[in-house]
Amino acid sequence: MFYRGFVRFLSLVASTFYRRIEVLGLENVPERGAVIFAGNHPNALIDGLLLISLVDRSPIHFLGNAKLWGFPILSRLLEALGAIPVLPREDRGPDADNQGAFERVDEVLAGGGCVAIFPEGISHTDSRLATLRTGTARMALHAAAHRDTDVAIVPFGLTYLDRHRFRSQVLLHFAAPIPMDAARLEAYRKDEVETVHQLTGELRERISRVTLSAPDWATLRFIHAARRLYKPVSARLTPASYVDLSRRFVERYALFAEEPDVQRLRNEIEAYQAQLDVLGLKDHQLSHPVSASIAMRRIVWRTTLAIVLFPLALPGAIILLPAGWLAARVGSRFSYDMDDIATLQVVTGVPVLLSAYALVAIMAGMGFGWVWAVVALPLLPASLFATLFVLEKQAQLLISIRGLVRLARLSGDIEALVAKREALVTAVRTAVDRYADPNIRRIFDAPDFSDPEVVPTGSTSTKGS
């Protein structure tokens with residue numbers, strides 16, 4: 001009962017922190033039977049919480065770093081969720097004894113349950129997958145071979161468009177499951193070590209298919225710039241199509257990076273991006289020219305919405321803004337690395353918000369009667385979401401005004417940059433025509449680049465707001 005209720009609460013937290021959550025490949029998650037979910041690990045504790053809140057299998061016992069159990073309140077929550085502590089070898093060295101964790105996983109799988117593992121072994125912000133540990137493969141094969149249990153490994157990938165930014169977007173993508181079938185178990189009986197290594201290699205390959213990975217951040221930044229130049233101006237990229245298009249660029253660039261025309265194109269795109277950075281401009285401000293009259297209408301509309309919603313949003317703002325400031329401060333000051341900022345923000349912000357709401361309801365009851373306390377309980381969340389809406393509209397308003405001012409002040413530089421951008425768009429699309437895999441259907445075809453309402457091929461609906 002507690003688990004299901006807490007998972008629903010996590011779903012609400014996730015859809016509040018992230019503006020858009022998209023889930024692909026749910027059909028690859030078996031409805032019953034023992035499952036090991038194995039995926040990349042870019043965002044610390046948030047990764048596990050997102051997984052258990054978005055998958056309709058319960059409970060999911062995820063393996064976590066044993067140091068998390070050093071925090072009393074957090075350890076109680078982890079125990080209630082059925083999490084299993086693991087001692088990282090990076091912290092304990094060869095003395096790390098995880099036999100108890102392996103036995104607990106074996107029991108869960110023998111009972112047809114679910115386990116979530118991050119086989120990289122660490123949470124990190126690198127631009128590519130770290131080396132996978134063999135523990136996932138060993139646990140799956142051992143349970144299937146010695147406990148007479150049907151076990152499947154379901155690889156998954158998490159891609160955050162901005163991992164720790166409030167109201168960003170995230171994609172959770174499940175790959176096809178890897179069954180522990182008779183042939184694999186027979187190979188395991190003959191040669192355990194080689195079979196484990198082969199399974200780990202296959203797992204890495206499948207996780208790579210559902211994540212965005214590049215050799216370094218400079219290459220990934222170039223890929224994002226090339227993708228923006230390539231796509232039709234009015235194309236609406238969902239997180240899934242964003243990742244799919246970027247992954248295709250990464251894969252084809254890796255094959256043809258040494259071609260002289262590809263090297264020249266990269267240098268030109270990076271020079272264009274450097275000019276944008278110097279002027280404080282974004283590419284979309286050049287790709288979506290907006291007249292002053294249209295911009296003013298948008299500004300008036302967003303301002304009107306903010307004024308209308310302000311009375312409802314004010315109570316939520318009084319509570320949300322201090323809590324958000326505190327969470328941001330904690331996340332930036334006490335994080336050890338970029339991967340745990342979002343975790344610290346959520347762990348700090350959620351208790352503070354809940355405490356503030358409870359305090360407001362109690363004060364309303366003591367001051368105006370307990371009927372008003374009951375009325376305040378549903379009104380406060382409504383006020384919170386009104387606050388989020390108003391803040392997002394005001395952020396868009398400030399960006400629009402700042403963009404108009406810069407575009408007006410830098411008119412001469414802008415004309416040259418627009419011309420340069422048009423030339424780069426042609427060059428990128430020519431390179432795509434030359435180097436794209438002819439065996440894979442293109443996300444955008446030639447007619448799409450003149451269609452004012454382009455929707456990427458294979459785009460899907462989203463889960464979340």
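Before the first stop, a word on helix axes: each is a line fitted to C-alpha atoms over the stretch in contact, and the angle between two of them runs from 0 to 180 degrees between N-to-C directions. Also keep in mind that this is a predicted model.

**Stop one: a helix pair.** Select residues 217–230, helix 9, and residues 239–256, helix 10; their axes come within 10 Å and cross at roughly 115 degrees. The crossing is right-handed. Now show side chains: helix 9 brings T219, F222, I223, H224, A226, R227 and Y230 to the contact, while helix 10 brings Y242, L245, S246, F249, V250 and Y253. Colour them by class and you get nine nonpolar, three polar and one charged.

Move to helix 2, residues 45–54, where 10 of 10 residues are buried. That list takes in D47, G48 and S53 as well as L45, I46, L49, L50, L51, I52 and L54.

**Stop three: F62.** Jump to strand 3, residues 60–65, and pick F62. Is F62 buried or exposed? F62 has a relative accessible area of 2%, and the cut-off for buried is under 20%, so F62 counts as buried. Which residues is F62 in contact with, leaving aside neighbours within four places in sequence? Select L45, I52, L78, A83, I84 and A116.

Definitions and conventions
Residues numbered from 1 in each chain as written. Predicted model: local features only at pLDDT ≥ 70, side-chain atom pairs only at ≥ 80, totals over all residues. Heavy atoms only, no water. Helix = DSSP H or I, 4+ residues; strand = E, 2+ residues; numbered from the N terminus. Buried < 20%, exposed > 50% of the residue type's maximum accessible area, 1.4 Å probe, protein only. Contact = heavy atoms within 4.5 Å. Left-handed = near helix turned anticlockwise from the far one by under 90°. Nonpolar A, V, L, I, M, F, W, Y, C, P; charged D, E, K, R; others polar.
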